[in-house]
Amino acid sequence: MSWISAHSLTIVTFLPLLGALIIAFLGRERTPAIRWVALLTSLLIFLFAAWLYAALDPHRMGMQFEELHVWMPLPPVNYHLGVDGLSMLLILLTGLLTLISVLASWSSITHRVQEFFIFLLALETGTIGVFASLDLLLFFVFWEVMLIPMYFLIGVWGHERRIYAAIKFILYTMAGSALMLAGILYLYNVTGSFDLPRVLNHLTSASVLSPQAERWLFLAFFIAFAIKVPLFPFHTWLPDAHVEAPTAGSILLAGVLLKMGTYGMLRFCLPLFPGASREFAPVVCVLAIIGIIYGALVAMVQPDLKKLVAYSSVAHLGFCVLGIFVFNAQGLEGSIYQMFSHGVSTGALFLLVGMLYDRRHTRLISEFGGLATLVPVYSTFFLIVALSSLGLPMLNGFVGEFLILIGAFHSHAAYTACAAVGVVLAAVYLLWMYQRVFYGDISKESNRTLPDCNFREKLMLAIMAAFILAMGVYPKPFLRRMDHSVTAIMLRLQKAPMIYAERAPAGHLGGGR
Amino acid sequence: MITFQTTDLLRILPEIILALFGVMIMVLEPFVPAGRKNLLGWMALLGVTGAGAATALTSLDPGPAFGGSIAADGFSFYFIYLFLLVAALVILGSMDYLERDHAQHGEYYSLVLLGTVGMCFMAASTDLIMIFLGLEISSISTYILAGFRRTDRASNEAALKYFLLGSFATAFFLYGIAFVYGLTGTVNLLGAGARLSEPSQWTVFARFALVLMFVGLGFKLSTVPFQIWTPDVYQGAPAPVTAFLSVGPKAGAFAILLRIFLGTFSSAGPSAFRVLWISAALTMCLGNLAALWQTNVKRLLAYSSIAHAGYILVGVTAGGSRGMSAVMFYLMAYALMNVGAFILVAQLAGSGERLVEIEDYTGLAFQRPGVAACLTVLLLSLAGFPTTAGFLGKLFLFRAAIHSHLIGLTVLALLNSVVSVYYYFRIIVAMYMREEKTELATAVLPWPVRTVLGVTILGIFYLGLAPDRILGLSTLATLPFLK
C-alpha cells in the first residue's frame with residue numbers, strides 16, 4: 001500500500017501502457033478479450049484517478065504526490081512528477097474521457113481492433129504524463145510522444161481525408177513544439193536546470209532574464225500552446241483533425257488534447273514569464289475574443305454536425321484563454337473549470353454525433369429532422385448536452401463561463417461585452433442546430449428506422465449527464481481543489497512588476513530585496 | 001629520427017588485426033567453394049570482434065605512437081568502436097543480400113574490413129599525412145564497394161561518380177595539407193597547431209588552407225554544395241554498401257573535422273566558424289527540402305543523411321567540449337538508425353533491388369506488422385521523436401548550440417526537423433494508412449538481418465532512454481582537446 005501511495009502518479013501514468021502491452025500479447029483475433037482488457041484498464045485508471053483527486057489535500061500549497069528520481073545526470077534531467085488541483089483535474093478528465101472513448105469504440109471499431117486500443121491507451125499514458133510532469137524535458141518528451149498514437153488514430157481509423165488531416169495535425173503541433181524546445185534549452189542554459197520548481201525559483205530569486213529574452217521565451221512557449229489550444233489564427237488544423245478523426249479520437253482531441261495548450265499556459269507561460277505575459281495579455285485577450293466570436297459564427301453556418309462541434313470548440317477554448325490572461329482569481333478559476341467542463345460537454349457532443357454517424361453514415365444536418373419523436377432517449381441526452389455547452393445555469397458550462405466573464409469585467413469591461421456576444425451566439429448555433437435535427441417534420445424516410453440508444457450508449461451518456469448536472473449544481477468540490485493552484489499563479493504574477501522595477505536602470509524605485 | 005617501439009604496434013593493434021583479416025580473406029577466397037562464401041563473412045565478423053577486443057586491450061595503455069603521428073586516446077577509441085560496430089552490422093546485413101543477388105564474393109568482406117582500417121586511421125591520426133592515408137584507404141575501398149553489383153548500370157554509375165568526385169575532393173584536402181606544410185613546416189597536428197596558435201598568425205593563406213581542407217572533407221560529409229554526388233551514389237550502390245557509406249566515411253570525416261577544426265586549429269576564430277555556420281545551415285535546409293520530393297526510399301534516405309550531416313555540423317559549429325561530445329553521441333545514434341534503415345530497405349527490396357519506391361511499401365503494416373513496426377521505430381528516431389536516440393542526439397547538439405549562443409541556427413535546425421517529419425511519415429503513411437497487397441511483404445528476413453534490426457532498435461532505445469554511458473564516453477573522449 002505504501003508503495004502504491006509513493007508511486008501513485010507513476011502508476012496512473014503507466015498503467016495504460018501496461019494495458020496496451022497486455023493487449024499486444026493477446027492474439028489479433030481475440031477482439032472481445034481485447035475490448036474487455038481495454039475497458040477494465042481504463043476503468044481502473046479512472047477510478048484510481050478519481051481516488052487520487054479525492055485524496056488531494058485542498059489545504060496544501062504546492063505539488064502533491066511528488067516523485068523525484070534522476071533520469072540523466074548530465075544534462076540533469078529528472079523524472080519529476082507531481083500534481084496540484086489543476087493538473088489532477090485534467091488527469092481525472094483524461095481518465096474519464098478515455099473510458100468513454102473505449103466504450104464509444106466498442107462496436108464502431110471493427111477493423112484492426114488490437115492496434116486501435118493499443119494506440120488509445122498509449123495516448124492516455126502520454127496525456128497523463130504531460131499533466132503530471134514537473135520537469136521541462138520530461139514534459140516535452142510526453143508532449144511529443146503523445147502525438148504518435150493520435151496520429152495513427154486519425155490516420156488509420158479516420159474518415160475520407162484522414163491522411164491529410166493527420167499529417168496536418170502533427171506538422172502544426174511539431175512546428176510549435178520545435179520553438180518550445182528551443183525555449184526550454186535556452187532556459188536550461190540560463191538556469192542550469194530542467195526542473196520546473198528549480199527553474200521557477202531561479203527566475204524569481206534573480207533577474208536572470210532580460211525583458212527582451214523573456215519576451216522571446218514567452219513567445220516560444222506561447223505559440224506552441226496557442227497552436228494546441230488552438231487560439232485564432234492557429235486554429236486551421238482543428239476542423240480537419242476533428243472531422244476526420246474517429247469518434248474516440250475526436251472526444252480525446254477536443255476533450256483532453258486541447259487542454260494541454262491551456263494547461264501549458266497556466267503551468268509554464270504565466271509563472272515562468274510573468275512580465276512578458278502581462279505585456280502580451282492585451283493581444284492574447286483580443287485574439288481569444290476574436291476566436292470566441294469567429295468560432296461561433298463559423299459554427300453557425302456549418303452544414304456538418306461534427307464541424308459545428310469542432311468550431312464550437314474554438315469558441316469555448318477562446319473563453320479559457322481569455323480567463324487565463326485577465327490575471328485575476330475569478331478568471332483563472334473559471335478558466336480551469338471551463339477546461340474540465342468543455343471536456344465533458346464537447347466530449348459528449350462528439351459522442352452523440354458519432355452515434356448518429358454510426359447509424360446513418362452521414363453527419364449533414366440537412367439529412368435529419370424530426371428525430372425527437374423517433375429516438376426520444378437520444379434526443380433528451382442531446383438536449384442536456386447542448387444546453388450545457390451553451391452555458392445554461394445549473395449545468396456545468398455556466399459556472400466556468402460566468403466566472404470568466406466576471407474576471408474579464410474586472411480587467412476590462414469591453415472584454416466582457418464582446419465575449420458575452422459569444423455566449424449568445426453559442427445559444428444560436430446550438431439551438432438552431434437542435435431545432436433542425438430534432439424538431440419539425442420527419443423529412444427523410446431512412447430516419448424512421450433509426451434505433452434508439454442501447455444499454456452501452458445509455459450508460460455512457462448517463463455518466464456524462466451526471467457530471468454535467470453535478471458540476472452545474474455543486475461546483476464547490478472542484479473549485480476548492482484548484483484554489484491553491486490559482487493562488488500560486490496569482491502570487492507569481494503579482495511579483496512580476498517588482499522584478500521589472502528592480503531591473504529598471506533609473507533606480508527611483510530602488511531598494512534591495 | 002623516429003625510433004620504432006613495440007608499444008607503437010600495440011597502439012595500432014585493432015587496425016593491424018582488421019588489415020590481416022582483410023588480406024587473409026582475399027587469399028582464402030579461391031579455396032572456398034562457391035556455395036559457402038558466407039564462411040568468409042563470418043571470418044570477417046571474427047576479425048571485427050578481434051579488433052574490438054584489441055581496442056579494449058589498447059585502451060588500457062593509451063598514448064601516442066609512431067613519433068606522435070598516431071594517438072591512441074579516448075577520442076580514437078570511441079570512433080574505432082563506432083566503426084567496428086558499423087562494420088559488424090553491415091557484414092551481418094550483407095550476407096543474405098549478396099547470396100540473393102549472386103554477388104557473393106570474398107572481396108566484399110575484405111573491402112569492408114580494409115575500409116574500416118582506413119576510417120580507424122582517420123580518427124586516430126594526428127599527422128596530416130597519416131590522416132590523408134586513412135582517408136584514401138577508406139575511400140578506395142568504398143569506391144569499389146559502390147560498384148559491387150557489376151552487372152547493374154546504376155551501381156557502375158555510382159562507383160564512377162563517387163570515384164571521380166571523391167578523388168577530386170581528396171586532392172583538395174591534399175592541397176590544404178601542402179599549404180599547412182608550407183606555412184608551418186610540419187604536417188604534425190601538434191606542431192602545426194603550435195605554429196598557428198595566435199589569431200594574428202591566421203593569414204589569408206592559413207585561412208585558405210583551412211577552407212581547402214574543409215572542401216575536401218565536405219565531399220565526404222556531403223555538405224552543401226559538395227553533396228551533388230550523394231543521392232546518385234547512395235541510390236545506385238547496393239543498399240548494404242549504402243548503409244556503410246552513409247555512416248562510416250562520414251563519421252571518419254567528422255572525426256577529422258573535430259580534430260582539425262576544434263582541436264588543432266581552434267584558434268582560427270571567426271573565419272572557420274563562419275564557414276561552418278553557413279555550411280550547416282545550407283546542408284540542413286537543402287537536404288530536408290530535397291527529401292520532400294523523393295519517391296524512392298533509398299534516395300529519400302540519401303537526402304535525409306545529408307540533412308543529418310547538417311544537424312551534426314550545428315554541433316561542430318557550437319564547438320567546445322559540449323559540442324564535441326554531442327557530435328560524437330549523435331554519430332553513434334545516427335550510425336544505429338541509418339544502418340538499421342538501409343539494411344532493412346535492402347532486405348525488403350528483393351533481388352535486383354526492385355522494390356525501393358515508397359509505393360511499394362503500401363499496406364506493409366497489414367501483412368507484416370512486425371517489420372513495419374521496426375521500420376517505424378527507425379524512421380521515428382531519424383525524425384527525432386522522444387524516447388529514441390535521434391531525439392536525445394538532437395537535444396545534445398542543440399543544447400551545445402544554445403550554450404554557444406547559436407540561437408538562430410538552433411531554431412533553423414529545429415524547424416528543419418519538423419520538415420523532416422513530413423517525408424519520414426510518408427513512408428509510415430504508405431505502410432499503415434493504405435490497404436493494398438504488396439509484393440514487399442513476401443520478403444524473408446534471415447536471422448542475421450533480424451540480429452541487425454534487434455541490435456539497432458535496442459540500441460536506439462538504449463541511447464534514447466539511458467544515454468549516460470555513451471554520453472560519458474564521448475565526453476571523456478573530448479578530454480585530449482581541452483587545453
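How many residues does the contact take from chain B, and how many from chain A? The points below take up that matter and then turn to each chain in this predicted model.

1. The contact draws 22 residues from chain B and 24 residues from chain A. On the side of chain B that touches chain A, helices α17 (389-403) and α18 (407-433) of chain B each supply at least two residues, and α18(B) gives the most, with 13 residues. Sorted by class, that side of chain B holds 16 nonpolar, 4 polar and 2 charged residues.

2. Taken as a whole, chain B has 20 helices and 2 strands. Its radius of gyration is 21 Å, close to the 23 Å that the globule rule gives for 483 residues, so chain B is as compact as a globular protein of that length. The C-alpha trace of chain B spans about 65 × 55 × 40 Å along its principal axes, and 62% of the 483 residues of chain B count as buried. Among contacts in chain B between residues at least 6 apart in sequence, 81% join residues at least 24 apart.

3. In chain A, strand β1 (residues 64-72) and strand β2 (residues 77-83) run antiparallel and are joined by 6 bridges. The two strands, β1(A) and β2(A), form a hairpin with 4 residues between them, and A:Gln64 has A:Val83 as its bridge partner in β2(A).

4. The buried residues in α20(A) are A:Glu457, A:Met460, A:Leu461, A:Met464, A:Phe467, A:Ile468, A:Met471 and A:Gly472. Seen down the axis of α20(A), these buried residues fall within an arc of 125°, so they line one face of the helix. The face of α20(A) turned away from its buried side carries the exposed residues A:Phe455, A:Ala462 and A:Ala466.

5. In chain A, a cis peptide bond with omega of about 0° joins A:Phe232 and A:Pro233, and A:Pro233 is found in the loop between α10 (211-228) and α11 (237-244) of chain A. In chain B, the peptide bond from B:Val224 to B:Pro225 is cis, with omega near 5°, and B:Pro225 is found in the loop between α9 (204-221) and α10 (229-236) of chain B.

6. A:His361 is found in the loop between α15 (329-360) and α16 (371-374) of chain A. Is this residue, A:His361, buried or exposed? With 8 C-beta neighbours inside 10 Å, A:His361 counts as exposed, since the cut-off for that class is 12 or fewer.

7. B:Ser222 likewise has a positive phi, of about 50°, although it is not a glycine, and B:Ser222 lies in the loop between α9 and α10 of chain B, where B:Pro225 is also found. B:Ser222 has 28 C-beta neighbours inside 10 Å and therefore counts as buried, the threshold for that class being 20 or more.

Technical notes. Residues numbered from 1 in each chain as written. Chains lettered and ligands numbered in written order. Predicted model: local features only at pLDDT ≥ 70, side-chain atom pairs only at ≥ 80, totals over all residues. Contact = placed C-beta atoms within 7 Å. Nonpolar A, V, L, I, M, F, W, Y, C, P; charged D, E, K, R; others polar. Pairing = 2+ DSSP bridges. Rg over C-alpha atoms; globule rule 2.2 N^0.38 Å. Arc of directions from axis to C-beta.
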